[in-house]
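Subject: Structure handover

Dear colleague,

Here is the structure I said I would pass on. My notes follow below it.

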Amino acid sequence: MKAISIKTFGSPDGLAVVDLPVPAPAAGQVLIATEAVGIGGSDTMVRSGARPDFGFKEGHIPGSEVAGTVTAVGDGVDASWIGLRVWGFTGLGGGYAEQAVAPVEQVLPLPSSLSAAAAVTLGISGAVAHFGLRHAHFAPGETVLVRGAAGGIGIMAVQLAAHGGAAAVAVTTSSSERGERLRSLGATHVLDRSGDGGEEAPAGYDVIIDVVAGEDMPSFFDRLNPNGRMVVVGALAGQPPADFGTKIMAAFEKSMSFATFSAGTLTPADLSAACSKQFGAASRGEIEAVVHEVLPLEAAVLAHQKMDAGEVFGRIVLTP
């Protein structure tokens, strides 16, 4: 089968098409003939070599979520899964391939009206947005700022906050065009990357969902209301300054909170429940899966180049 391997960590050019044996599902796993593979920001970080803590080696197959048809099952898995159209979370890799294995406890049947591309666009991004807002104790009537709102997680955070009754949903983004698209998805105020702009935007926010992190992250503590909560759900711009906590301590009297959230802390049951709920909502037209572009598997280098250049609104999907 065809797959995409990280031959060399660094630039997208380090990705290469390889031929590999079809994997055999182990006990508790299913084998999925992939129709769609989602590309996330975590994939680009792994490819760049920014996650040495995970111990990835050259030859690693990236990709954590796929959608397609179950073609085989491992020991202990009901054979009735065979032939079902599903979404599957493959874990830390293995998704960029014509065939992928996933634990059956992290596989969900798809509604007939939901495309494979929509499933991998919603999947993990939607779950992170959902639990990120829950981690922030978001409540109806509160004001929300989504920093870095044009990617998969940010777009879902905007939609979920709007549907959850937020009094305002502000976004930071790089262009007015993207801002207008985010307005159509529920944003009420469009700010520049520094968080400025929009005279009618709230002076402060009860919740900030940050997909970006990086050197500028501490400046956004100034935009939290008293008792405000910031939750970082991504680090597309890298790590914040080592002393970022001094900003919180300097504003001690505001009782602000800071937290991180990673999908890696979710139980399979929680992940499946969140994804299932959102797949249903999307199939009913209540939320939108924003697919930037669908490319063939062999175009993984181009897809990562577009991601690195910041050209993507939503998610790029690969199709074997």
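In which sense do strand E12 and strand E13 pair, and over how many bridges? Strand E12 (residues 224-232) and strand E13 (residues 257-260) run in the parallel sense, paired over 4 bridges. Two strands count as paired if DSSP finds at least two bridges between them. Within this pair, Val231 stands opposite Ala259 in E13. From E12 the chain crosses through helix H5 (residues 245-250) to E13, in a right-handed β-α-β crossover. Right-handed means that, with the strands pointing away from the viewer, the path from the first strand over the helix to the second runs clockwise. The helices (H or I, at least four residues) and strands (E, at least two) are DSSP runs, numbered from the N terminus.

Before the rest, a note on the basis. This is a predicted model, in which local features need pLDDT of at least 70 and side-chain atom pairs count only at pLDDT 80 or more, while totals for chains, interfaces and linings use all residues. Residues are numbered from 1 along each chain as its sequence is written, and side-chain values use heavy atoms, with hydrogens and water left out.

Another parallel pair is made by strand E14 (residues 291-296) and strand E15 (residues 315-319), over 5 bridges. Pro296 has Thr319 in E15 as its bridge partner. With helix H7 (residues 300-308), E14 and E15 form a right-handed β-α-β unit. Thr319 also has a C-alpha atom 9.2 Å from that of Tyr96, although 223 residues separate the two along the chain. Tyr96 sits in the loop between strand E5 (85-89) and strand E6 (99-103). Its relative accessibility is 0%, so Tyr96 counts as buried. The classes are buried under 20% relative accessible area, exposed over 50% and partly exposed in between (1.4 Å probe, protein chains only).

Next, the charged pairs. Side chains of opposite charge can pair when their charged atoms come close. The structure holds 10 salt bridges, each a side-chain nitrogen of Lys or Arg within 4 Å of a carboxyl oxygen of Asp or Glu. One of them joins Lys2 and Asp19, with the closest N and O atoms 3.2 Å apart. Lys2 belongs to strand E1 (residues 2-6) and Asp19 to strand E2 (residues 15-19), so this pair ties together parts that are 17 residues apart in sequence. Lys2 is partly exposed at 31%, and Asp19 is exposed at 58%.

A further salt bridge links Glu180 and Arg183 (3.4 Å, N to O). Both residues lie in helix H4 (residues 176-184), 3 residues apart, or about one turn of the helix. Arg183 is partly exposed at 36%. Arg284 and Glu286 also meet in a salt bridge, at 2.8 Å from N to O. Of these two, Arg284 is exposed at 55% and Glu286 is partly exposed at 39%.

Glu286 turns up again in the lining of the second largest pocket, together with His130, Leu160, His163, Lys277, Gln278, Ala281 and Ile287. Helix H3 (152-163) and helix H6 (268-283) each supply at least two of the lining residues, and H6 gives the largest share, 3 residues. By type, the lining divides into 3 nonpolar, 3 polar and 2 charged residues.

Regards

Conventions
1 Å grid on protein atoms, 1.4 Å probe; cavity = no way out; pocket = protein on both sides within 12 Å on 5 of 7 lines; lining within 4 Å. Nonpolar A, V, L, I, M, F, W, Y, C, P; charged D, E, K, R; others polar.
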